[in-house]
Amino acid sequence: MKKLIKRLWFQVILGMILGVCFGLLLSPSAFALVSSETAFKIAPWIALIGNIFLALIKMIVIPLVLSSIILGITSAKSVEILRKMGLIIAPYFIFSTLFAVTLGIIITNLINPGSYISSNLINQISVVNVEVEKEVQNISIPDLIVDLIPVSLAKAELSGNILAFVILAIFAGVALINLKEEQSKPLIDLAKSLQAFSMKIVEWAMKLAPYAVFGLICSITIKIGFDAISSMLMYVFTVLFGLFLVLCYYLSIVYLVSKMKPMEFLEKIKEVQLMAFSTSSSAAVMPLSMKTAEEKLQVPSSISKFVIPLASTVNMDGTALYQACAAIFLAQVFAIELSFFELFILAITTVGASIGTPSIPGVGIVILATILQSIGIPIEGIALILGVDRILDMCRTTVNVTGDLTASLVMKRLVA
């Protein structure tokens with residue numbers, strides 16, 4: 001029992017359970033042991049340690065991404081091996097995201113969750129807050145493509161555009177691998193020191209993880225309670241069903257490329273999935289993902305250090321499926337018929353928008369608003385799904401990080 005208590009995954013599960021229990025006790029829409037005003041004042045304090053944990057990870061994620069990708073690329077030792085890895089991973093990410101989007105469109109049209117929403121609930125939709133609308137106005141697919149080039153690192157960091165740093169690291173790694181050893185060695189040594197420094201900060205942060213999970217889950221439960229979920233049950237079911245199918249797709253790929261049974265794979269990555277579910281952040285889980293890939297899945301460090309940071313920013317299958325489901329659902333709610341061409345535009349826009357989505361909690365809503373605008377669906381509908389977004393964010397992040405680890409196994413099989 002003592003060994004079990006010391007394990008991170010057990011501590012995280014315990015934190016989740018206690019967080020839900022305490023959250024329901026305090027939630028105005030559940031047991032309401034205190035007034036709603038008091039509960040909402042308490043919630044930020046309960047979430048404090050969780051927010052500190054996320055802040056520590058966000059603080060260190062950029063140097064970790066830069067150093068990991070640079071070391072992953074330079075460890076290839078050959079431009080030919082590097083080219084082979086790139087030619088494999090890029091089509092894989094695109095196909096996987098297209099699969100998730102297509103799946104989301106199909107199952108949402110089949111289940112038709114929009115038909116289960118009462119007219120009274122639709123009438124209660126209020127205008128989405130100004131902050132979201134303001135951000136939407138500044139985001140377009142061409143802008144996202146231009147932002148891939150890290151012209152201003154300060155701007156990229158302020159906007160949470162981790163993909164810009166990924167691209168910078170790729171350029172740096174490719175440049176270093178083409179230099180003479182005496183020219184590249186100082187920067188490679190610097191990258192090694194930067195990675196060691198980053199991992200030490202992560203090690204300290206992970207000691208807070210169980211307490212962070214408790215605080216974040218408790219705070220979320222206080223705010224959403226039962227009401228927000230019960231009124232949107234069919235929509236929640238549709239998204240969760242889609243995410244489950246994407247998970248099955250991953251398990252099938254894992255079995256095909258490594259002959260690893262589904263339960264064995266899930267057993268090895270459970271800590272990563274639990275952490276992803278609790279934090280809703282692929283960036284927060286990235287160090288643990290790399291460690292799990294190397295130690296439990298036996299993925300070479302040269303592959304894990306390249307694939308995992310890259311996947312955590314461009315391989316967002318769970319997010320892509322969610323955005324497709326949400327867009328079709330809101331079209332059904334507003335009785336908007338989407339033509340085949342509009343569905344095609346939806347698929348392409350969703351794939352483009354999900355690539356490079358900042359791997360932090362809540363940003364999916366902003367990206368969704370961009371997608372809704374592209375096919376003429378009122379963004380006011382976002383107000384309808386805000387209440388259940390956080391719980392779905394937790395679930396889609398879990399699927400996202402599972403996809404990252406699956407990609408590392410695919411690369412291991414095809415490159416090794």
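**How we know what we say about this structure**

Modeller: At 66% relative accessibility, A335 counts as exposed. That label applies because exposed means over 50% relative accessible area, buried means under 20%, and partly exposed lies in between (1.4 Å probe, protein chains only). Before we go on, please keep in mind that this is a predicted model, where local features need pLDDT of at least 70, side-chain atom pairs count only at pLDDT 80 or more, and totals for chains, interfaces and linings use all residues. Residues are numbered from 1 along each chain as its sequence is written, and side-chain values use heavy atoms, with hydrogens and water left out.

Colleague: Thanks! Where does A335 lie, and what is its phi?

Modeller: A335 lies in the loop between α18 (317-333) and α19 (340-354). Its phi is near 55°, a positive value in a residue other than glycine. Most residues other than glycine have a negative phi. K259 also has a positive phi, near 60°; K259 is in the loop between α14 and α15 and is exposed, with a relative accessible area of 57%.

Colleague: What makes a run of residues a helix here, and how many helices and strands are there?

Modeller: Helices (H or I, at least four residues) and strands (E, at least two) are DSSP runs, numbered from the N terminus. By that rule the protein chain has 21 helices and zero strands.

Colleague: How do you know how confident the predictor is, and in which helix is confidence lowest?

Modeller: We use pLDDT, the predictor's confidence in each residue, from 0 to 100. The protein chain has a mean of 79, with 78% of its residues at 70 or more. Confidence is lowest in helix α7 (residues 130-137), with a mean of 42, and highest in helix α14 (residues 233-258), at 94. Over residues 126-137 the pLDDT is below 50, and this stretch has 16 contacts in the model beyond near neighbours in sequence. A contact means heavy atoms within 4.5 Å. Where pLDDT is low, the predicted coordinates should not be read in detail.

Colleague: How many disulfides are there, and why does C218 have no such bond?

Modeller: The search of the whole structure finds zero disulfides. A disulfide is a pair of cysteine sulfur atoms within 2.5 Å. The closest cysteine sulfur to that of C218 is in C21, 9.7 Å away, so the two are too far apart for a bond.

Colleague: Are C218 and C248 buried or partly exposed?

Modeller: C218 has 0% relative accessibility, so it counts as buried. C248 is at 30%, so it counts as partly exposed. Across the protein chain, buried residues make up 53% of the 416 residues.

Colleague: Why are E37 and K41 called a salt bridge?

Modeller: A salt bridge is a side-chain nitrogen of Lys or Arg within 4 Å of a carboxyl oxygen of Asp or Glu. The N to O distance between E37 and K41 is 3.4 Å, so the pair qualifies. They are four residues apart in helix α3, and therefore separated by about one helical turn. E37 is exposed at 53% relative accessibility, and K41 is exposed at 55%.

Colleague: How many salt bridges does the search find, and which residues does helix α15 (residues 262-279) place about one helical turn apart?

Modeller: There are five in the whole structure. K268 and E264 are four residues apart in helix α15, with their closest N and O atoms 3.3 Å apart in a salt bridge. K270 and E267 lie three residues apart in helix α15, and their closest N and O atoms are 2.7 Å apart, also in a salt bridge. K270 is buried, with a relative accessible area of 19%, whereas E267, at 47%, counts as partly exposed.

Colleague: What makes L14, L18, F22, L25, F31 and L33 a patch?

Modeller: Patches are made of residues with over 30% relative accessible area and no salt bridge; like charges are joined within 9 Å, and nonpolar side chains (Val, Leu, Ile, Met, Phe, Trp, Tyr) within 5 Å. These six residues form a nonpolar patch on the surface, with about 580 Å² of accessible area together. Such areas come from the Shrake-Rupley method with a 1.4 Å probe; for residues, only the protein chains shown count as cover.
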